[in-house]
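Please have the structure open while I talk.

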Amino acid sequence: MAIYNIISSLKITDFFIIFVFTFLGYVFRFYYKYFTRPNPFSGPLPFPFIECSYLYDGDTKNFFTLINKKYGDLCEYYLNGKRRILISSPECLEKILTPSSKDNTFMIRLPHSEGYEEYGMVGRGIIINHDIKKLEGYWKSLGNLNLSKDNLKNENDWQIEIDMAEWVRRFTSDMIVILITGKRPYTMASYYNLHSPVKVTCSNPLIEDSERFVKAFSDYLFGLHFFIYFGYFSRRYQPGIKDTVKYLLNNRDYVFETLDNIIKKRRKEIEEMPVERDMNQEKNITKDDISTRPMTDVEIRGNLLDAFIAGVDTMANTFSFLTYYICHSPHVKQKMIDEIDTIFPPNTPYNLNYVDLIKLEYCDAVMNEASRIMSVAVDVPRYIPNSCELAGYRWEAGTTFHMNINGIHSNENYWPNPEIFDPDRFYKKNDDMNNKVGSKFSFIPFGGGLRVCPGRKLAMIELVSLVVVIFGKYDVELVDMNAPPKTKNGAIIICEELPVRIRPRKYSP
Ligand code: HEM
């Protein structure tokens, strides 16, 4: 009652004065906190409410490059209510990237936020799951990848132009679907059907609309950074951001619906399968113990989503950039093809097997150099829930560190002439290698430490297999050698388009 009396006695000017004082109080507190922060590093000055978003339009790579160049290898920025430390030098990474089961200081990638809640990634899967307890026991085994037999018959005299970026996204998409569901989704076949007069007929009960399916997962991953760096207000009302977020949320609904359908179909299949039930095992299942109870649909969906967003576009874009750089370096291409021909001789049937694939040391060097010069992962974050020491400084709880992968991969102190594509930096047979290769933490396309990419070996095997099959069998050239790769920078760097001309290789007799 007393509060009501006070409020009703206020005039409009009083409300105005209260508003102005509240605003000034907020601004004062904001800058007081800013100017008294521990370990002040240089970085763009944050403004109240908008922080550093006046420099950030959603292109994380450009933003990182800009502030790295201007403020150095250890600098800071503020976005979405958080102080963030940008690390662009390997020197500071040892503690973060050295795995230790005894020290989980740098275990958490990102803290809980309403942004990932809205994007549907909180508490599910592992990529954005801040709940360490739930992460235990994941990724015990990845299963065996069953690569099919191949033969090398180049009888046809033909050539086609295709968009390599689009084709390979479908290839990696099919690979991941096969890996996680055991079923073939035919997204690649549907791409052939778009371009070829000869149509592939296949029933595709798993995925109704391949075109939309591939694009939707790619966009889902691309859009993740909008929910990391933009607060609720910006996501809803900031011009230039709100429309993208609206699209991303609709896309999220489609992605979830598609995954839910896959789960529903699989559950039905399992129900219809005659199996003997192990009553003893069922007795041990407790309702809340995540390691013994069956997963809920939402948890399964989280894991499927992780596999799609981590394993499809990362792989596809890495292969597209690799193709781009190889096509621009004829001597690298020739050396690579010569090596492939020695291990997998032309016109000889072969099996792609691990033992032979790891003999391709130069191809391995080429893949590493392509991942260095254009790392598809841009931002690898770590959040500390407790105060800790790093790079000679004590950091307060709640700080987020962002490893600027492209900055680290092009740091001139570790990579001389970083803009030059030179696989010899990684080629073990090269005598100068020790002078050329960077330090232990200067090459981190798969992150590192306790949260290192668990799919890295699968990725390298898939990549080298593609290199053997594509470059060993076909002549691949860019349609336009003068066009730079068409990229879109979001949570990862996406190669939007890479028109190539392909024809069967003519082997010398
Ligand atoms: C060239 C391809 C790939 C690249 C460049 C890549 C890169 C990365 C990076 C940078 C991280 C973050 C690591 C960190 O925080 O330290 C990561 C995490 C992850 N990657 Fe990959 N990745 C690739 C392929 C794959 C594949 C094929 C899979 C499997 C399907 C996969 C599954 C994952 C998962 C599940 C995580 C999260 C791990 C965790 O949260 O602990 N990735 N990847």
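Which helix gives the most to the shell around the ligand? It is helix 14, with three residues, where helices are DSSP runs of H or I with at least four residues and strands are runs of E with at least two, numbered from the N terminus. Before I go further, please keep in mind that this is a predicted model, in which local features need pLDDT of at least 70 and side-chain atom pairs count only at pLDDT 80 or more, while totals for chains, interfaces and linings use all residues. Residues are numbered from 1 along each chain as its sequence is written, and side-chain values use heavy atoms, with hydrogens and water left out.

Let me stay with the ligand. The shell holds 24 residues, and the closest are Arg-109, Arg-382, Gly-448, Arg-451 and Cys-453; a residue is near the ligand if one of its heavy atoms lies within 4 Å of it. At least two residues of the shell come from each of helix 13 (297–311), helix 14 (313–327), strand 4 (379–383) and helix 20. By class, the shell divides into 15 nonpolar, six polar and three charged residues, with Ala, Val, Leu, Ile, Met, Phe, Trp, Tyr, Cys and Pro counted as nonpolar, Asp, Glu, Lys and Arg as charged, and the others, Gly among them, as polar.

The iron atom of the ligand has Cys-453 as its only protein donor, through SG at 2.3 Å; donors are N, O and S atoms within 2.8 Å of the metal (3.2 Å for Na, K and Ca), and as water is not among the atoms, sites may look incomplete. Cys-453 itself is placed in the loop between helix 19 (433–436) and helix 20 (456–473).

Turning to polar contacts, by which I mean pairs of N or O atoms within 3.5 Å, the side chain of Arg-109 has an N or O atom 2.7 Å from an oxygen atom of the ligand, and the side chain of Arg-382 likewise has an N or O atom 2.7 Å from a ligand oxygen. Ala-310 contributes a backbone N or O atom, which lies 3.3 Å from a nitrogen atom of the ligand.

Now to the aromatic side chains. The whole structure contains 40 aromatic pairs, a pair being rings of Phe, Tyr or Trp (its six-membered ring) with centres within 6.5 Å, called stacked when the planes are under 30 degrees apart, edge-to-face when over 60, and tilted otherwise. One of them is the edge-to-face pair of Phe-63 and Tyr-77, at 5.2 Å centre to centre and 85° between the planes. Phe-63 belongs to helix 3 (residues 60–71) and Tyr-77 to strand 1 (residues 74–79), so the pair ties together parts 14 residues apart in sequence. Both Phe-63 and Tyr-77 are buried, that is, under 20% relative accessible area, with exposed meaning over 50% and partly exposed in between (1.4 Å probe, protein chains only).

Trp-415 and Phe-443 form another edge-to-face pair, at 6.5 Å and 75°. Trp-415 is buried, with a relative accessible area of 0%, and the charged end of Arg-372 sits over its ring, 5.4 Å from the centre; here CZ of Arg or NZ of Lys must be within 6 Å of the ring centre and within 35 degrees of the ring normal.

Finally, Arg-252, in helix 11 (residues 242–272), is buried at 16% relative accessible area, and its side chain reaches the backbone oxygen of Glu-118 at 2.3 Å.

How values were computed
A polar contact is a pair of N or O atoms within 3.5 Å; within protein, one must be able to donate a hydrogen and the other to accept it, and residues adjacent in sequence count only if both atoms are side-chain atoms.
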